[in-house]
Amino acid sequence: MIKKIVLTGGPCGGKTSAINHIKEIYEEKGYIVLSINETATELMNMGIKPFGLSEISIDKFQEYIFYLQLFKEMLIDKYISDNKDKNILVLLDRCILDNNSYVSDEKFNELLNKFNVDRQSYINKYDLFIHLVSAAIDTNEYNVSNNSARIESKEEAKEKDNNIRNCYKDVNNYVIIDNSTNFEEKLKKVEQEISNLIQSK
C-alpha cells in the first residue's frame, strides 16, 4: 500500500510537528515513512533567499523551489518504484501548488510549462492534501522564533494562509483543519484524516 499526502497551510500551522507525529505513529505500525521537508526553508537555510545580502527575485526563487521540489519528488517516486511491495507513506511539507500564492497565475503557469508539469496530473499523484490553518488565525500562538526562514508578521501570515487556500480551490481531496481546538487535538485530526485515507484503500 502506498499513500502520498501533502501538508500545506500558512506559516506556523503545525506542518512540521504533524509530519513528525504521523511519522512516529506509522513507523511503529511498520510503515516506511518518507518525508520531504519544506523546500523554501531548505533553500533559505542554504543561503539562497529572496531578501538579504544574497537576495534574488521572488520569480527566480520560485524557479529554484520548483527545481529542488520536483527533484526530491522524483527521488521519492524512484524509491517507490523500487519498493512497490512495501507499505509506504509519503508526507510532503508543501508542494509546488503553494508557489502560486507567491507569484501571479501567469508566472505560475510559466513555471509549470518550463518544468513540463501538467497541474491536474500533478494533483492526481497525491491522495490527500491537508491544510493546517496558520496559528496567526484565531489563536494567540503565532511565533516565528523557531524557524529562522520564517519572516512573516501575523497579518502577513493570515494573508498567506488565505492565498494558499485559493491555490487549492479546485482540488477535491483537500481538507482544512482549523484552530477551533488546542494543538494536540489539531494533530489528532490530522491523524484521523490519514487513518481514514488508509482504511479506505
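Helix α2 passes helix α3 in a right-handed crossing. This is a predicted model. The crossing of α1 and α7 is right-handed as well, and a search of the whole structure finds zero disulfides.

**Helices α2 and α3**

- Helix α2 covers residues 39-46 and helix α3 covers residues 58-82; their axes come within 9 Å and cross at roughly 115°.
- That angle makes α2 roughly perpendicular to α3.
- On the α2 side, the residues that meet α3 are T39, A40, E42, L43 and M44.
- On the α3 side, the partners are F61, Y64, I65, L68, Q69 and K72.
- By type, the residues of this contact between α2 and α3 divide into seven nonpolar, two polar and two charged.
- Within α2, the residues T39, A40, T41, L43 and M44 are buried.
- Those buried residues of α2 pack against α3.

**Helices α1 and α7**

- Two packed helices are described by the angle between their axes and the distance between the axes.
- For α1 (residues 15-28) and α7 (residues 183-200), the axes come within 10 Å and the crossing angle is roughly 55°.
- The two helices α1 and α7 are therefore oblique to each other.
- From α1, the residues in the contact are S17, A18, H21, I22, I25 and Y26.
- From α7, they are F183, L187, V190, E191, I194, S195 and I198.
- The contact of α1 with α7 is made up of nine nonpolar residues, three polar and one charged.

**Cysteines**

- A disulfide is a covalent bond between the sulfur atoms of two cysteines.
- The search for disulfides, run over the whole structure, finds zero.
- For C12, the closest cysteine sulfur is in C167, and at 19 Å it is too far for a bond.
- C12 counts as buried, because its relative accessibility is 18%, and the cut-off for buried is under 20%.
- For C167, the closest cysteine sulfur is in C95, at 9.1 Å, which is also too far for a bond.
- C167 is buried, with a relative accessible area of 6%.

**Residue K160**

- K160 lies in helix α6, which spans residues 154-167.
- The relative accessibility of K160 is 13%, so this lysine counts as buried.
- Setting aside neighbours within four places in sequence, K160 is in contact with P11, S101 and Y102.
- K160 and K189 are 29 residues apart in sequence, and their C-alpha atoms are 22 Å apart in space.

**Residue E55**

- E55 is found in the loop between α2 and α3.
- At 54% relative accessibility, E55 counts as exposed, because the cut-off for exposed is over 50%.
- Apart from its neighbours within four places in sequence, E55 is in contact with K49 and P50.
- V190, one of the α7 residues that meet α1, is 135 residues from E55 along the chain, and the C-alpha atoms of E55 and V190 are separated by 36 Å.

Technical notes:
Residues numbered from 1 in each chain as written. Predicted model: local features only at pLDDT ≥ 70, side-chain atom pairs only at ≥ 80, totals over all residues. Heavy atoms only, no water. Axes fitted to C-alpha atoms, helices over the stretch in contact; angles between N-to-C directions. Helix = DSSP H or I, 4+ residues; strand = E, 2+ residues; numbered from the N terminus. Parallel < 35°, antiparallel > 145°, perpendicular 65-115°, else oblique. Left-handed = near helix turned anticlockwise from the far one by under 90°. Contact = heavy atoms within 4.5 Å. Nonpolar A, V, L, I, M, F, W, Y, C, P; charged D, E, K, R; others polar. Disulfide = S-S within 2.5 Å. Buried < 20%, exposed > 50% of the residue type's maximum accessible area, 1.4 Å probe, protein only.
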